Amino acid sequence: MSKLPLKNESNSKVYPTPLPSCDLKNVHVISHPLVQHKLTLMRKIETRTSEFRALLYELSQLMAYEITRDMAVHMEEIQTPLEQLMSPVINGKKLVFVSILRAGNGILDGVLSVVPSARVGHIGLYRDPTTLEAIEYYFKMPTQMEQRDVIVVDPMLATGHTAIAAVDRLKGLSPKSIKFLSLITCPEGIKALHDRHPEVPIYTACVDRELNEHGYILPGLGDAGDRIYGTK
Ligand code: URA
């Protein structure tokens with residue numbers, strides 16, 4: 001894979017830019033300056049655990065706002081202190097945020113602060129260090145998944161193996177819809193997830209340059225789980 005120059009002539013303010021060969025169909029890059037600024041702070045090696053966690057909380061709130069933009073609403077008649085009016089209310093069964101353990105949990109507090117009535121599911125998947133394949137060790141979902149919209153959360157969409165395994169498993173429960181929310185993605189992860197599940201929209205703050213041979217995103221921010229929890 002060819003490397004991008006540090007400066008992209010067509011838009012020198014945005015780095016890292018998507019590779020020209022990266023298909024961004026059904027990928028929503030959230031380019032809001034607040035999102036981009038906070039992501040820059042999170043990437044810095046000197047950003048400490050407490051600050052990293054706080055930034056992830058704020059970023060998750062902002063990204064939740066974008067990913068829920070198309071939620072269906074219906075009108076209900078209400079009474080204000082002055083008048084009656086028809087006013088919008090979100091439709092249907094409660095949304096489910098599905099966290100891919102453990103780094104996905106870092107996103108939960110922020111998204112739940114924006115959608116407090118949402119339900120939460122957890123999937124435990126670890127990457128086999130040699131094959132990088134996803135192995136499931138935990139799976140717990142709310143009831144009536146077939147009536148719910150699902151947003152899967154994981155800070156990094158890297159090889160795509162865990163994302164694919166999570167979506168495969170969730171499709172077995174026939175939810176109404178599935179979206180994928182990742183702070184940082186890369187062309188390899190997007191391609192892998194969309195080769196298998198092209199209809200799953202990916203929401204991300206940035207499409208980084210590439211994966212390294214250990215399955216880490218470059219330039220990325222390092223190991224998201226370690227940076228959230230202060231482990232090594
Ligand atoms: N998981 C991480 O935490 N970081 C990466 O760069 C890739 C996968």
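User: How many aromatic pairs does a search of the whole structure find?
Analyst: One aromatic pair. Tyr126 and Tyr137 make it, and the geometry is tilted. The centres are 6.2 Å apart, with 35 degrees between the planes. Keep in mind that this is a predicted model.

User: Where do Tyr126 and Tyr137 sit?
Analyst: Tyr126 is in strand 5, residues 119–127, and Tyr137 is in strand 6. The two are 11 residues apart, so the pair links distant parts of the chain.

User: Which residues form the nonpolar patch on the surface?
Analyst: Tyr126, Ile135, Tyr137 and Tyr138. Together they have about 410 Å² of accessible area. Strand 6, residues 134–140, gives the largest share, three residues.

User: What about Tyr138, how accessible is that one?
Analyst: Tyr138 is found in strand 6. Its relative accessibility is 39%, so it counts as partly exposed.

User: What lies over the face of Phe139?
Analyst: Arg169 does, at 3.8 Å from the ring centre.

User: Switching to charges. How many salt bridges are found in the whole structure?
Analyst: The search finds 11. One of them joins Glu58 and Lys38, with the closest N and O atoms 2.7 Å apart. That pair links distant parts of the chain.

User: What does Glu66 bridge to?
Analyst: Arg69, at 3.0 Å between the closest N and O atoms. Glu66 is partly exposed, with 23% relative accessible area. Arg69 counts as exposed at 57%.

User: And Arg209, what is its partner?
Analyst: Glu210. The closest N and O atoms in that salt bridge are 3.2 Å apart. Arg209 is buried at 15% relative accessible area, and Glu210 is buried at 10%.

User: Now the inside. How many residues does the largest nonpolar core have?
Analyst: It has 35. Met42, Phe97, Leu181, Leu183 and Leu221 have the most contacts inside it.

User: Which elements each supply at least two residues of this core?
Analyst: Among the helices, helix 1, helix 2, helix 3 (105–114) and helix 6 (224–229). Among the strands, strand 7 (149–153), strand 9 (177–185) and strand 10 (202–207). Helix 2 gives the most, with seven residues.

User: Staying with strand 9, is Lys179 buried or exposed?
Analyst: Lys179 lies in strand 9. It counts as buried, because its relative accessibility is 12%.

User: How far is the C-alpha of Lys179 from that of Pro88?
Analyst: They are separated by 23 Å. Along the chain, Lys179 and Pro88 are 91 residues apart.

User: Backbone next. Which peptide bond into Arg102 is cis?
Analyst: The one from Leu101 to Arg102, with omega near -5 degrees. Arg102 is in the loop between strand 4 (96–101) and helix 3.

User: What joins Leu218 and Pro219?
Analyst: A cis peptide bond, with omega about 0 degrees. Pro219 lies in the loop between strand 12 (217–218) and helix 6.

User: What is phi of Asn26?
Analyst: Near 65 degrees, a positive value in a residue other than glycine. Asn26 is in the segment before strand 1 (27–29). It counts as partly exposed, at 28% relative accessibility.

User: And phi of Ser174, what is that?
Analyst: Near 50 degrees, again positive in a residue other than glycine. Ser174 is in the loop between helix 4 (161–171) and strand 9. Its relative accessible area is 45%, so it is partly exposed.

User: Great, thanks.

Conventions: Residues are numbered from 1 along each chain as its sequence is written. This is a predicted model: local features need pLDDT of at least 70, side-chain atom pairs count only at pLDDT 80 or more; totals for chains, interfaces and linings use all residues. Side-chain values use heavy atoms; hydrogens and water are left out. Patches are made of residues with over 30% relative accessible area and no salt bridge: like charges are joined within 9 Å, nonpolar side chains (Val, Leu, Ile, Met, Phe, Trp, Tyr) within 5 Å. Accessible areas come from the Shrake-Rupley method with a 1.4 Å probe; for residues, only the protein chains shown count as cover. A salt bridge is a side-chain nitrogen of Lys or Arg within 4 Å of a carboxyl oxygen of Asp or Glu. Helices (H or I, at least four residues) and strands (E, at least two) are DSSP runs, numbered from the N terminus. Buried means under 20% relative accessible area, exposed over 50%, partly exposed in between (1.4 Å probe, protein chains only). Rings of Phe, Tyr and Trp (its six-membered ring) pair if their centres lie within 6.5 Å; planes under 30 degrees apart count as stacked, over 60 as edge-to-face and the rest as tilted. A charge sits over a ring if NZ of Lys or CZ of Arg is within 6 Å of the ring centre and within 35 degrees of the ring normal. A nonpolar core is a set of buried Ala, Val, Leu, Ile, Met, Phe, Trp, Tyr and Cys residues joined through side-chain atoms within 4.5 Å.
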